[in-house]
Amino acid sequence: MSAQVNTTTVESLIAKRRSGKAAVAGFGMIIAGIALYLLSTTIPDTSSSLYMVCAVGGFAAMIVGVLKLFVGGKETIYLPTKSPVKSHTLYFEALSGDELVRLIEEGKFDEIRTARRKESGPVRLDVQRSKDGRFVALQVMQYVPYSYENVSGTYCFQEEQAPEVAACVGNPAK
């Protein structure tokens, strides 16, 4: 199995879009805020705690709803299947960046699976994986004082290659 390096770019396979769930939640918060504010106008005692909870809660819910509607709620998707893509990072101690690149290019994913991983380390593998398991992108980075630098291009695995690669890097998408 050979890895595709930059023949198809990751940018052509994945895209960021606004989440439908975030839009619905934003509208829901705005409607709840309006309802709470209208409820506060029916309370005759403006010095009561219930009035303050309704008025302040209504304004807060409307502000959060507007922010959620216009700012938040973006997700990355794998375009061919419209499956959400999650990113995570693996760190290796026992492998150098060049060794990890060689293992990926030669398709020796069992050796990557058995390599000693740490919570942080000198070699970093950035992984993007679709929830349906039909897309995996890998990029190897190595720590050079003060920052991580690219050791390789981005390796894209799709369709029949992706499950084998996904098994060696785990699945944060589920």
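Leaving aside neighbours within four places in sequence, which residues is L125 in contact with? In this predicted model, the partners of L125 are H88, T89, L90, F92, L100, I104, L138, Q139, V140 and V169.

Several of these names return in the description of the largest nonpolar core, which has 23 residues. The residues with the most contacts inside this core are F92, L100, I104, L125 and L138. At least two core residues come from each of the following elements: strand 4 (83-92), helix 4 (97-106), helix 5 (109-114), strand 6 (123-130), strand 7 (135-144), strand 8 (147-158) and helix 6 (162-169). Among these contributors, helix 6 gives the most, with five residues. A second core is separate and consists of eight residues, including V10, V85, F135 and C156. As a general point, nonpolar side chains in soluble globular proteins tend to be buried together.

The aromatic rings come next. A pair of aromatic rings is described by the distance of the centres and the angle of the planes. Five aromatic pairs are found in the whole structure. In one of them, Y91 and Y148, the ring centres are 6.2 Å apart and the planes lie at 50°, so the pair is tilted. This pair links distant parts of the chain, since Y91 is in strand 4 and Y148 in strand 8, 57 residues apart. Y148 has a relative accessible area of 23% and is therefore partly exposed. Together with Y143, the residues Y91 and Y148 form one aromatic cluster.

Another pair, F109 and F157, is edge-to-face, with 5.6 Å from centre to centre and 85° between the planes. Because F109 lies in helix 5 and F157 in strand 8, the pair ties together parts that are 48 residues apart in sequence.

E160 counts as exposed because its relative accessibility is 67%, where the cut-off for exposed is over 50%. Between E160 and V127 there are 33 residues of separation in sequence and 17 Å in space, C-alpha to C-alpha.

Methods. Residues are numbered from 1 along each chain as its sequence is written. This is a predicted model: local features need pLDDT of at least 70, side-chain atom pairs count only at pLDDT 80 or more; totals for chains, interfaces and linings use all residues. Side-chain values use heavy atoms; hydrogens and water are left out. A nonpolar core is a set of buried Ala, Val, Leu, Ile, Met, Phe, Trp, Tyr and Cys residues joined through side-chain atoms within 4.5 Å. Buried means under 20% relative accessible area, exposed over 50%, partly exposed in between (1.4 Å probe, protein chains only). Helices (H or I, at least four residues) and strands (E, at least two) are DSSP runs, numbered from the N terminus. Contact means heavy atoms within 4.5 Å. Rings of Phe, Tyr and Trp (its six-membered ring) pair if their centres lie within 6.5 Å; planes under 30 degrees apart count as stacked, over 60 as edge-to-face and the rest as tilted.
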